Amino acid sequence: MFGLTYMYELVNHRLPNWLLIMLSLILLLLIISFWILYTKADKPGWAVIIPFYGFIVLMEIIGRPWWWVFLMIIPFANVVFIIIILNQ
């Protein structure tokens with residue numbers, strides 16, 4: 001069926017450099033914008049970089065309980081809660 005060469009190419013596939021640069025710029029823009037949001041809300045800006053703590057701080061900013069962070073792990077429920085969070 002599939003030869004060893006196909007599996008090797010599938011495992012070692014690289015993204016093009018331009019795509020990596022674009023994704024890095026988008027990530028940088030998101031970090032900067034959330035950092036500004038957190039500092040305007042009198043929260044530490046460095047919390048954006050720490051994954052779960054950043055979500056906990058975001059829940060404090062929008063006035064939701066901290067345990068909503070764990071609802072983001074549940075499939076399909078996370079879509080509903082993300083919509084609720086983004087509409088605050």
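Me: How many aromatic pairs does the count come to?
Reply: This is a predicted model. Rings of Phe, Tyr and Trp pair if their centres lie within 6.5 Å. By this rule the count comes to four.

Me: Are the rings of tryptophan 46 and tyrosine 53 stacked or edge-to-face?
Reply: Their centres are 5.7 Å apart. Their planes meet at 15°, and planes under 30 degrees apart count as stacked. So the pair is stacked.

Me: Is tryptophan 46 buried or partly exposed?
Reply: Buried means under 20% relative accessible area, and exposed means over 50%. Tryptophan 46 has 45%. So this residue is partly exposed.

Me: How are the rings of tryptophan 68 and phenylalanine 81 arranged, stacked or edge-to-face?
Reply: The ring centres of tryptophan 68 and phenylalanine 81 are 4.9 Å apart. Their planes stand at 70°, and over 60 counts as edge-to-face. So the pair is edge-to-face.

Me: Which helices hold tryptophan 68 and phenylalanine 81?
Reply: This pair links distant parts of the chain, 13 residues apart. Tryptophan 68 lies in helix H4, and phenylalanine 81 in helix H5.

Me: Is phenylalanine 81 buried or exposed?
Reply: The cut-off for buried is under 20% relative accessible area. Phenylalanine 81 has 18%. So phenylalanine 81 is buried.

Me: What distance separates the end C-alpha atoms of H2?
Reply: H2 has 24 residues. At 1.5 Å a residue, they should span 34 Å. The model agrees, with the end C-alpha atoms apart by 35 Å.

Me: How many residues of the lining of the largest pocket are nonpolar?
Reply: The largest pocket is lined by 21 residues. Three are polar and no residue is charged. The nonpolar ones number 18.

Definitions and conventions:
Residues numbered from 1 in each chain as written. Predicted model: local features only at pLDDT ≥ 70, side-chain atom pairs only at ≥ 80, totals over all residues. Heavy atoms only, no water. 1 Å grid on protein atoms, 1.4 Å probe; cavity = no way out; pocket = protein on both sides within 12 Å on 5 of 7 lines; lining within 4 Å. Nonpolar A, V, L, I, M, F, W, Y, C, P; charged D, E, K, R; others polar. Helix = DSSP H or I, 4+ residues; strand = E, 2+ residues; numbered from the N terminus. Expected span 1.5 Å × (residues − 1). Phe/Tyr/Trp six-rings, centres within 6.5 Å; stacked < 30°, edge-to-face > 60°. Buried < 20%, exposed > 50% of the residue type's maximum accessible area, 1.4 Å probe, protein only.
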